[in-house]
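Visitor: Could you take me through this model and set the values against the definitions behind the words you use?
Guide: Please look at the structure below, and then ask about each term as it comes up.

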Amino acid sequence: MKEKIIHQREKYVYPTKVPYYKDPIHLTRSSGSYVWDSDGKKYLDVIGGIVSISAGHNHPRIKAKMLDMINNDSIQHTTYLYLSEYMADLAEKIAKLAPGTLTKCYFTNSGSEANEMAVMTARVATGNQMVISLRHGYHGGTNVPLGLCGHSTWKFPHQPQASIAHAKAPYCYRCPYGATEGKCNLECADDVREVIQTATSGKIAAFIKEPILGVGGFIDASDEYHKKVYDIVKEHGGLYISDEVQTGAGRTGKDFFMSSTIGIEPDIITMAKGIGNGAPLGAVVAKPEFAESLKGKAHFNTFGGDPYQAMQASETISIIQDENLIGNADRMGEYLIAGFKEMQRDFPLIGDIRGRGLLIGLELVTNPKTKDPAIKETADLMEYAKEEGILIGKGSLLGNVIRLAPSLAITQTECDELLTGLRKAFTKLTK
Ligand SMILES: Cc1ncc(COP(=O)(O)O)c(C=O)c1O
């Protein structure tokens, strides 16, 4: 079966879809924090698709609701041209969780489309064209989001990148200004102003940023950085778009959206991944005055907010609230970071440990002083972790950051399993 799938993928699927691992895994079953492959091997899933599993795989409450809908022949598909309580309820829930006055939602099938809509809203609302994003940022695989991305890995040679300029990333471990973490004047925030003043007319439509740069390797900047950039964006007429595709749904362990934790009120927040716990749903929540600027035109999307997807997202939000999964993400995140700090003493390969809640990155370096990226070692560590029954992710421009984003419901016993498994993997790697 596995060989057949590999053959089919090679023959019939685009070569841009490359599986993880030398011997790719065929996943067939999942429950809670675990997944199983077609040989029956059990893995602790610490990457959850790619940061998509928030409430846990096959959560019983979501399963029960789906079965209920199936057994009652509930409407399976309807566009927004008809009324559906699922999309309406979801919009109300998101509006109540969003900071400040952000209350108007739009639903899509993915994070990329959510970002397309956010950028279009900002351009229409401001009458300006230019959008500022960050180097090392990632915003999706459709045209505008790929233009926004700051990674050569994801860009194609003939890909247009109209009306977008990139500022430096607040990458403290590798500060673009050579400063020491915590001892700087936020020069990277000033770079946003400089880019606006040198690469645009001086007026922008928007600035877009992930609160923590996910694909870029969980690059986490200070709240002060965000506040300073927010003010710069406002000085130049732009909307602040917070791409919470990875950080949303409580993942960072304090608030449902990390923007609330930082203490800024973006004009638009986009989300996907964890909001649907694996269901293909993306969303935008915007301040009403900006959503209203699109009035008078229709914008169609066949599947956005469809009943099954919207129900799963709505139930995911309720589970996160009822089971206090944000508090759990905070506690388990702290527990894991303490465990990794201990591990770092034995394995200097771990150059930096960063992140918030259950969005944790380990940047691997061959020498902690020179910080040379441990690219091959990171790929090998993933293979060794797999042998130990642990599925982890990797990211960053060079692929030398281990990304950990388990279910928000992960238990302390499962965290211990992760720490023990990774310790064994590091031991094999450094032998
Ligand atoms: C921060 C961020 N924004 C947007 C996207 C795009 O989402 P999707 O893959 O659902 O289109 C991703 C996907 O990884 C992401 O990490």
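Guide: Strand β2 (residues 34-37) and strand β3 (residues 42-45) are joined by 3 bridges in the antiparallel sense, and Val35 has Tyr43 in β3 as its bridge partner. This is a predicted model, in which local features need pLDDT of at least 70 and side-chain atom pairs count only at pLDDT 80 or more, while totals for chains, interfaces and linings use all residues. Residues are numbered from 1 along each chain as its sequence is written.

Visitor: What makes β2 and β3 a pair of strands?
Guide: Strands are DSSP runs of E with at least two residues, helices are runs of H or I with at least four, and both are numbered from the N terminus. Two strands pair if DSSP finds at least two bridges between them; β2 and β3 have 3 bridges, and therefore they count as paired.

Visitor: Why are β1 and β16 said to stand at the edges?
Guide: The open sheet has 4 strands in the order β1-β2-β3-β16, with mixed pairing. β1 (27-31) and β16 (390-391) each have a single partner strand, so one side of each lacks a neighbour in the sheet.

Visitor: How do you know that both faces of strand β7 are covered?
Guide: A residue is buried if 20 or more other C-beta atoms lie within 10 Å of its own, exposed if 12 or fewer, and partly exposed in between, with C-beta atoms placed from the backbone. In β7 (residues 206-209), Ala206 and Ile208 on one side and Phe207 and Lys209 on the other are all buried.

Visitor: Why is His136 called buried, and what is remarked about its phi?
Guide: His136 has 24 C-beta neighbours inside 10 Å, and because the cut-off is 20 or more, it counts as buried. His136 lies in the loop between β5 and α6 (143-148) and has a positive phi of about 75° although it is not a glycine. Most residues other than glycine have a negative phi.

Visitor: Is Asn58 buried, exposed or partly exposed, and what makes it so?
Guide: Asn58, in the loop between α2 and α3 (60-71), has 17 other C-beta atoms within 10 Å, and because this falls between the two cut-offs, it is partly exposed. Its phi is near 45°, also a positive value in a residue other than glycine.

Visitor: How do you know that the span of helix α7 is close to the expected one?
Guide: The expected span is 1.5 Å times one less than the number of residues in the helix. Helix α7 (residues 187-199) has 13 residues and reaches 18 Å from its first C-alpha to its last, close to the 18 Å expected. Buried residues in α7 include Cys188, Ala189 and Asp191.
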